[in-house]
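Please keep the sequence and the 3D view at hand while reading.

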Amino acid sequence: MSRIPIHYYVLLSLLVVAIGFSFYYYQQVQMYEHRIHDGVASDPSLPTYHFVLIGEEMNHDYWRLVGEGAKQTEEHYDVFVEYKGPSRSNPEEQLKLLDMAIKAKVDGIIVQALNESFTPLINQAVSEGIPVMTIDTDSPKSLRDAYIGTDNYVAGQLAGEALIEDTNGQATIGMITGSFDNTHHQLRVQGFKDTIERVDGIDIVAVEESNITRVEAEEKAYTMLSEHDEITAMIGTSSWDGIGIVAAAKTLQKQESLYVMTFDPLEENLQLLETGELDTIVEQQPFEMGYRSIEMMLDLIQGDVVDEIYHTDVSIIRKSNVDSWKREKGESL
């Protein structure tokens, strides 16, 4: 009769102990989850609605204002707003966050839909009974319930009209757009082009993308200004573009003769406007977008009538009116 080596008994004992511990910890996890669920269900102080807002870029002043507007609604309504987004613009990461929000079965989702890749997940959320609003960038072919944000084509038109006025209809233009792929930048560029095309003295000689970074905006502007000495005006369609254009113009010592326009009154953009290094800022309303999006989501859930498209205002800030603009915003001079 053969003997079974002692180490087999040791291994078998360890296996039994491991299985026992696994079963024990599984029971503990189940009990913990039940306690959390019971605690949540019995806590009357928790908000009734849980909404998720998915922005483009957390480390960006524009999206910080969108998030602040949305979060402020928690002081006035029975809601918890979970504000999420990648640290830098990354549509793939936004899609993952959208998928997670759907799986979590939240009460409503507000998302910036940068491209057509967002359509299937938006449709999935709606089909599972989760209302979806798009913000800043629309997805009109999806089943989304509503859109809130800038009319980006009109914003491009307004930028074009301001440039025509400021340059007396005489300009050779270089454009830096945040992205060739993102719908809202495409619309701004198209609105701008359609507006300036009716003026004989204005031409666009180059268009490049910055990928929504000030470094690439500066690099592209530097190359553009170096290769096209005839450029007299430049426009950027994202918040960082104007900062990059000004830096490139300074390096090339062309800032004195160059007209520069950009989007969004970031603090740095306002400083450049006041020193005359920027000529024009196209202002959007990110705080209002965030705040009103939550109010509209509540209206949707409660069955009230909501406009399918809600456009926030767009305006032009110049050095001549920046002081009055600051007073209206309640900022110190």
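## Strand β8 and its partners

Ile235 in β8 is the bridge partner of Met175, and strand β6 (residues 171-177) pairs with β8 in the parallel sense over 4 bridges, where two strands pair if DSSP finds at least two bridges between them. The model is a predicted one, in which local features need pLDDT of at least 70 and side-chain atom pairs count only at pLDDT 80 or more, while totals for chains, interfaces and linings use all residues. Residues are numbered from 1 along each chain as its sequence is written, and side-chain values use heavy atoms, with hydrogens and water left out.

β8 also pairs with strand β9 (residues 259-263), in the parallel sense and over 3 bridges, with Met234 standing opposite Val260 of β9. Along β8 (residues 233-236), Ala233 and Ile235 point one way, Met234 and Gly236 point the other way, and all are buried, that is, under 20% relative accessible area with a 1.4 Å probe and protein chains only. Together with helix α8 (residues 241-251), β8 and β9 make a right-handed β-α-β unit; right-handed means that, with the strands pointing away from the viewer, the path from the first strand over the helix to the second runs clockwise.

## The open sheet

Another group of 6 strands forms an open sheet with parallel pairing, in the order β2-β1-β3-β4-β5-β11. Its edge strands, β2 (79-84) and β11 (309-311), each pair on one side only, and neighbouring strands are turned against each other by 20 degrees on average, direction ignored. Strand β5 (residues 146-149) and β11 are joined by 3 bridges in the parallel sense, and Ile148 has Tyr310 as its bridge partner in β11.

Helix α10 (residues 286-301) packs on this sheet, touching β1, β2, β3 (108-111), β4, β5 and β11, and its direction makes about 160 degrees with that of β4. Helix α2 (residues 61-72) lies across β1 (49-54), β2 and β4 (132-135), running at about 165 degrees to β2.

## Helices α3 and α4

The axes of helix α3 (residues 91-103) and helix α4 (residues 119-127) come within 10 Å and cross at roughly 10 degrees, and α3 and α4 are therefore roughly parallel to each other, a term for angles under 35 degrees. The contact (heavy atoms within 4.5 Å) is made by Leu95, Leu98, Asp99 and Ile102 of α3 and by Leu121, Ile122, Gln124 and Ala125 of α4.

## Asn152

Asn152 is placed in helix α5 (residues 152-166) and counts as buried because its relative accessibility is 4%. Leaving aside residues up to four places away in sequence, Asn152 touches Asp136, Tyr147, His184, Leu187, Arg188 and Gln284.

How values were computed. Buried means under 20% relative accessible area, exposed over 50%, partly exposed in between (1.4 Å probe, protein chains only). Helices (H or I, at least four residues) and strands (E, at least two) are DSSP runs, numbered from the N terminus. Axes are lines fitted to C-alpha atoms, for helices over the stretch in contact, and angles run from 0 to 180 degrees between N-to-C directions. Angles under 35 degrees count as roughly parallel, over 145 as roughly antiparallel, 65 to 115 as roughly perpendicular and the rest as oblique.
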